[in-house]
Amino acid sequence: MTQDDNQGAQPPQEPPKRGSMRFQDGSTEARQPSLAEQRARQQALAEQERQEVLDAEAARAAEKKSSTKKKILIGTGVTVGLVGLVATFYTVAKPDEVTAVCAARDTEIVNDDQNCDENYVRSHGGYVSGGFFFLPIGGFGGPMQSYRYNYGGTGQVGQRVSGGSYTAPSGANVSTKSGKSVQRGGFGISGKSGTSGGTGKSGGS
């Protein structure tokens, strides 16, 4: 009798069990971060705060630069406008009669008209050069004080001249407060006893 090797159906083998999952219950405490993790977190926060500060400073600097640029542009426009207005005024006005005052060159203090009179200056040891009248202080041989005409300015003797110009206006009759003729209109030359308004040199008769 042949032995039957087939002893019947064998139960299937169970697959090997894999690792089981463990669940933490509510009583399990969270693991505290290591010292290295704590340091890394602090460095990250510090770097974030530093970057925020830099961004804020950059924004303020950009805003300030923009504001300053606008102010400069506005100020430049106002300056150009005023210069144009003054130039236009003198071009259109061209007064026919201008009063000249004698002012000290260094202080712009109004002096007697005689200090800008060539005859007076020369008779008192002074001289005339380049539109300036040089008169010795305290008499002959003393240090020189220079004077020149201011055209159109105002002020009493001893006061600083206000306004006017040190360039003789062309085409205008210029005279001092005392009535002395400095320049004849249209010619730019002086009368017999006056001086040239443009150069300060003596005029011919």
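Me: How many aromatic pairs does the count come to, and by what rule?
Reply: The count comes to four aromatic pairs. Rings of Phe, Tyr and Trp (its six-membered ring) pair if their centres lie within 6.5 Å; planes under 30 degrees apart count as stacked, over 60 as edge-to-face and the rest as tilted. This is a predicted model, in which local features need pLDDT of at least 70 and side-chain atom pairs count only at pLDDT 80 or more, while totals for chains, interfaces and linings use all residues. Residues are numbered from 1 along each chain as its sequence is written, and side-chain values use heavy atoms, with hydrogens and water left out.

Me: What makes the pair of Phe133 and Tyr149 edge-to-face?
Reply: The planes of Phe133 and Tyr149 are at 80°, with the ring centres 5.9 Å apart, so the pair is edge-to-face.

Me: How do you know whether Phe133 and Tyr149 are buried or exposed?
Reply: Buried means under 20% relative accessible area, exposed over 50%, and partly exposed in between (1.4 Å probe, protein chains only). Phe133 has 1% and Tyr149 has 4%, so both count as buried.

Me: Why is Arg105 said to sit over the ring of Phe132?
Reply: A charge sits over a ring if NZ of Lys or CZ of Arg is within 6 Å of the ring centre and within 35 degrees of the ring normal. The charged end of Arg105 is 4.0 Å from the centre of the Phe132 ring.
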